[in-house]
Amino acid sequence: MKKNIISEAITDINPTYVEQAADYKPVAGKHRHKRVIAVAVAAVATILLMGAGFLVANGGISGWFSARWEMTTGETITEEHLALVESFSQEIGLSETCEDVTVTVDSAAVSENRIYLLLKIDGDLDSLLTDCFYSYLTSDSIGFTAGGSSFYGQDESGATLYLLDCHYDYIGEEGDDEMLCTLRVGDMNNNGDVNVMWVFEFTLIRNENSHIALTEDGEIITVTTEQRDYETYYNPVSVDVTVAITDIVLTEFGVSFICDNTTASVPYGTYTDVCDVYVNMNSGSEVQANLYIEELSDDESTVAMNYYWTVPVNLDEVASLRIGDTTITVQH
């Protein structure tokens, strides 16, 4: 498979509260014939946001998700939804100090192919950064990763909060849910040179997702979307196209489906904005996907699309899925 990674600034959030600053650092894994392209949309240099208190979150990763859900939807997370988030979460609580700046790997939420790590920074991080805050996660159980660290405000103690948010390919032994990981944190300058200042080793527990198939075997659904030339992404020439999709599967962390590459007219190296992907909740709120991964088949006839939500959703509270201009009811 070939892969494109497209990360977007998270939408549906009041800009008064939060701006995303994401520096995606995808790394080709151990599989052959993978090509990686990363595009950050409306990205802001992380260092520029230091000290701004957009978000107060406590209670580890589940507290962060709870606050993020309220800011995204305007609604308080339900007890059932919070219990679901906690079932994917684990405490880590490792701290290291460099030049009076302490980085803490607070907690994590882990699914079959998604990792969220909540980091807390105590001290004047600005004094150590030349350009960008750098965080890089590796494991012998992980082959391919795509994601980045984003600034999300402060907790009530004044510690700066970062979220490392990434997709991963699992290459460990099936049935072995423990992944021994190494996290390297530091400073990256404009030339891409990295100075690693903090190193952590810890075990993450991989959890299974629930899966809801939204199409029958062989069922084809057509959606209208845009095709954009990747080379001119920031000033794209776009045209509406009709895309045939199959094999739609919804999980707590995202949704995947297969696009017919001929129908979609998506040569590898272009950006196809099927990014208008939302879950519609029973309450009436919408949550948009903020990251997607493209996997082009070896014969280039199909493209596997994998979209991810900012916050894991409770599938029992999902009413429908919207892809482009097409809405699909979720049957429970």
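Modeller: S111 sits in the loop between β5 and β6 (114-122); strands are DSSP runs of E with at least two residues, helices are runs of H or I with at least four, and both are numbered from the N terminus. This is a predicted model, in which local features need pLDDT of at least 70 and side-chain atom pairs count only at pLDDT 80 or more, while totals for chains, interfaces and linings use all residues. Residues are numbered from 1 along each chain as its sequence is written, and side-chain values use heavy atoms, with hydrogens and water left out.

With a relative accessible area of 0%, S111 is buried; that word means under 20%, exposed means over 50%, and partly exposed lies in between (1.4 Å probe, protein chains only). Beyond its neighbours within four places in sequence, S111 is in contact (heavy atoms within 4.5 Å) with F88, Y168, R206, N207, N209 and F253.

One of these partners, N209, also belongs to the lining of the largest pocket. A pocket here is an open set of points on a 1 Å grid over the protein atoms alone, where a 1.4 Å probe fits, with protein on both sides within 12 Å along at least five of seven lines; lining residues have an atom within 4 Å of a point. By class, the lining has four nonpolar, seven polar and one charged residues; Ala, Val, Leu, Ile, Met, Phe, Trp, Tyr, Cys and Pro count as nonpolar, Asp, Glu, Lys and Arg as charged, and the others, Gly among them, as polar. The space in the pocket is about 170 Å³, taken as the volume filled by probe spheres set on grid points joined across faces, edges and corners.

Another buried residue is L84, at 16% relative accessible area, in helix α2 (residues 79-87). L84 touches E252, V313 and N314, not counting residues up to four places away in sequence. L84 and E252 are 168 residues apart along the chain, yet their C-alpha atoms are separated by 9.0 Å. For the protein chain as a whole, 67% of the contacts between residues at least 6 apart in sequence join residues at least 24 apart.

E99, in the loop between β4 (89-98) and β5 (101-110), has a positive phi of about 50 degrees although it is not a glycine, and is exposed at 60%. D247, within strand β14 (residues 238-250), likewise has a positive phi, of about 55 degrees, without being a glycine; D247 is partly exposed at 44%.

As for cysteines, the structure holds zero disulfides, a disulfide being a pair of cysteine sulfur atoms within 2.5 Å. C181 is in none, and the nearest cysteine sulfur, that of C166, lies 8.8 Å away. C181 is buried at 1%, and C132 is buried at 8%.

Overall, the protein chain has three helices and 21 strands, and 56% of its 332 residues count as buried.
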